[in-house]
Amino acid sequence: MDWNGNLAEAVAPYMKGSPLIDVLEAVANLSAKKAEALRILDVACDESLSSTELERCGCVAVASISTVARASGDRRPELADVVYSDGAFDLVTDQISLLKNVACCLPAGGLLVGEMGAFGNAESLEDGYAQAIRKHSGDYVCQFCFPKEKAYRRALEIAGFEVVAMSAFDKATPLENGRDGLRLWAESRFAKSLALYRPEDRELVLEDYEKACGERSWNESSGCWVADYRRLRFVARKSRAATAPLAYSPLRVLGS
């Protein structure tokens, strides 16, 4: 896969804050395949890229990993020019296997454009839950993968990628639903942990959680809770053949 121009320079203005789709559009503008759309494999957890978004970037979807994994087991999807993922990699603990599998979906020179939680992501909200759960004889350890830049750069290199650009940045995000926002967020994020408690005890855990997060995360002037998200965004080019056979077990969780 060839690119017309300097990839690092092209994506630099979009590596912090702007939507990840802007990075994909910058990459598509450098595609050497002028006569045809860039083929995208979307590694998605919930919502995949819409056809409208892809058309705006001059791209076409090959498939979604979550769809492929559910429908056809370990079948290899069609080779893509770019693998794109916004927020799904956080759910996979074995990142090396994940990245090697992603590399199997790309030709030499193909790109991985991704974003995930960075080290320290939602730290106040995670710590607050750990405090609350300890008051009720429980224990909580974060089950998500939020890596440091240096460590993830190395993981990409091990999987056969050359890092074109990488950036970690803060993304403070107001939660919807006012006072109920934190509780609703917790019921989704910590669902498995909270399910271990009886309804009346679960209510007490959530009350203590709001107290633990109050000073750091409640914004009185805006009337909402604020999640202290931190993101890791990266663009990496496949530089050599993947050294492991394709196996979808680390990816299948994305569609579960």
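In these legends, a helix is a DSSP run of H or I with at least four residues, a strand is a run of E with at least two, and both are numbered from the N terminus. The model shown is predicted.

**View 1. The second largest pocket holds about 180 Å³ of space.**
Which residues line the second largest pocket? One stretch of the lining includes F119, G120, N121, E123, E126, D127 and A130. Y140, V141, C142 and F146 also belong to the lining. By class, six lining residues are nonpolar, two are polar and three are charged.

**View 2. Helix α7 has its buried residues on one face.**
Helix α7 spans residues 149–158, and its buried residues are Y152, A155 and L156. Seen down the axis of α7, these buried residues fall within an arc of 100°, so they line one face of the helix. The geometry behind this is simple: an α-helix has 3.6 residues a turn, so residues three or four places apart point the same way. What do the buried residues of α7 pack against? Their partners are α5 (95–104), β4 (111–117), β5 (161–174) and β7 (224–238). Just after α7 comes G160, with a positive phi of about 100°.

Start with the general rule. Most residues other than glycine have a negative phi. Where do they sit? A122 is in the loop between β4 and α6 (123–134). N177 is in the loop between β5 and α8 (181–189). Is A122 buried or exposed? A122 is buried, because its relative accessibility is 0% and buried means under 20%. N177 is exposed: its relative accessible area is 53%, and the cut-off for exposed is over 50%.

**View 3. S124 is a buried residue of helix α6: its place in the helix and its burial can both be traced here.**
S124 has a relative accessible area of 14%, so it counts as buried. Which residues does S124 touch, leaving aside its neighbours within four places in sequence? The contacts are C213, R216, S217 and D228.

**View 4. Y129 takes part in aromatic pairs with F190 and Y209.**
How many aromatic pairs does the structure hold? There are ten. In one of them, the ring centres of Y129 and F190 are 3.9 Å apart and the planes lie at 10°, so this pair is stacked. Y129 is in helix α6, while F190 is in the loop between α8 and α9 (191–194), so the pair ties together parts that are 61 residues apart in sequence. Y129 and F190 are both buried. Y129 also pairs with Y209, this time edge-to-face, at 5.7 Å centre to centre and 85° between the planes. This second pair links distant parts of the chain, with Y129 in helix α6 and Y209 in helix α10 (residues 199–217), 80 residues apart. The relative accessible area of Y129 is 0%. Y209 is buried too, at 0% relative accessibility.

Notes
Residues numbered from 1 in each chain as written. Predicted model: local features only at pLDDT ≥ 70, side-chain atom pairs only at ≥ 80, totals over all residues. Heavy atoms only, no water. 1 Å grid on protein atoms, 1.4 Å probe; cavity = no way out; pocket = protein on both sides within 12 Å on 5 of 7 lines; lining within 4 Å. Points joined across faces, edges and corners; volume = space filled by probe spheres on them. Nonpolar A, V, L, I, M, F, W, Y, C, P; charged D, E, K, R; others polar. Buried < 20%, exposed > 50% of the residue type's maximum accessible area, 1.4 Å probe, protein only. Arc of directions from axis to C-beta. Contact = heavy atoms within 4.5 Å. Phe/Tyr/Trp six-rings, centres within 6.5 Å; stacked < 30°, edge-to-face > 60°.
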